[in-house]
Amino acid sequence: MSLSESSTISSRLAALAQRMGLLGRNSRQIFSKASALRLPFKPLPAAVESICWHDGPQLQLLLNLPLGALSGPVQEDKARAHSALSQVVEAQSQQLQTFDLRLIDGFACPPCTPGYASFEDYAASEHCKQVRIISYKDFVKTISLALPRFLAGEPIELRQANWRGARTFWSGEMQGEAFAGAVAYARRRGLEVLLPANLLRYRLNEAGLDNLQSRYHVLAMPEAAWSDPSFMGLLLDNGIPYARLSLLKKAGTPEFLLLPKEHQEATALGEGLRLAGAPDVPGHLRQLAIQPT
């Protein structure tokens, strides 16, 4: 890019900042520099079709988010951000007298083999080659490996989340291959399998999302941002209030940066980062929030 092109872009960004109401000179400079950052931003992942609960975003962690999960230089800023984040997810427990096990299509507890979209795919794989069901007697024997109290009608532990669509996850921790094989067999044979169930249902709270979006710029920042001198200079040298949340707990996944909209320079940084390519987290969460059917 030539110097003249760079100057033209900077002028346009400054004009945009003026239209946004960022009237302070320092705010205009922050906006201009932030929008010119070249960080390795990536789109947030779309809804995943997987039998593994942990393949999807672990948004349920927001429900009981520890205060120490947020980092940042000022305790009050972290506490306010924590309060807003803790309202985003809600949970409801329900005891069901009967639940058809054929509706289950996922594992809520590790270990879980990733890469499979359904129990049928998993049951047909090499991982489940030892599971052989050719009769009802075989079915009872197999499912009893995973559910030792199956014949006694002991309740089964289940989990749902509206960011995982209509999928229902089993919270058992043993004999996943046998469980998947038995459920796939029951579906194939049209075999109704009913048990009482304890269902824990998570959902994104629209009012909580509205509150978060009205108070904060919440942006997905790549790991590299925190060692980038240009970004860190904008954040720290200007004394901008912020909170940082690492939610997904996986290497290479983005962290969330929360910038309070009531602070002019924090807003300048947030708008600039968004223009530079930082994904908007609340907007993405709304897209994920599909009610189970």
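Modeller: Ala207 and Ser214 of helix H7 are exposed, where exposed means over 50% relative accessible area, buried under 20% and partly exposed in between (1.4 Å probe, protein chains only). The model is predicted, so local features need pLDDT of at least 70 and side-chain atom pairs pLDDT 80 or more, while totals for chains, interfaces and linings use all residues. Residues are numbered from 1 along each chain as its sequence is written, and side-chain values use heavy atoms, without hydrogens and water. Helices (H or I, at least four residues) and strands (E, at least two) are DSSP runs numbered from the N terminus.

H7 spans residues 206–215, and its buried residues are Gly208, Leu209 and Leu212. These lie on the same side of H7 because they cover an arc of only 100 degrees around the axis, taken from the directions from the helix axis to the C-beta atoms. Ala207 and Ser214 are on the other side. At the start of the helix, a side-chain oxygen of Asn205 comes to within 2.9 Å of the backbone nitrogen of Ala207.

The buried residues of H7 pack against helices H3 (75–85) and H10 (281–288) and against strands S6 (194–204), S7 (216–221) and S9 (255–260); contact means heavy atoms within 4.5 Å.

Two of these partners lead further. S6 belongs to an open, mixed sheet of five strands in the order S2-S6-S4-S5-S3, where strands pair if DSSP finds at least two bridges between them. S2 (89–100) and S3 (104–107) are the edge strands, each with a single partner, so one side of each has no neighbour in the sheet. S6 runs parallel to S4 (residues 156–161), joined by six bridges, and Tyr202 in S6 stands opposite Ala161.

The other partner is S9. Glu255 forms a salt bridge with Arg244, the closest N and O atoms being 2.4 Å apart; the term requires a side-chain nitrogen of Lys or Arg within 4 Å of a carboxyl oxygen of Asp or Glu. Glu255 lies in S9 and Arg244 in strand S8 (residues 243–245), so the pair ties together parts 11 residues apart in sequence. Glu255 is buried, with a relative accessible area of 10%, whereas Arg244 is partly exposed at 24%. A search of the whole structure finds 14 salt bridges.

Conventions
A polar contact is a pair of N or O atoms within 3.5 Å; within protein, one must be able to donate a hydrogen and the other to accept it, and residues adjacent in sequence count only if both atoms are side-chain atoms.
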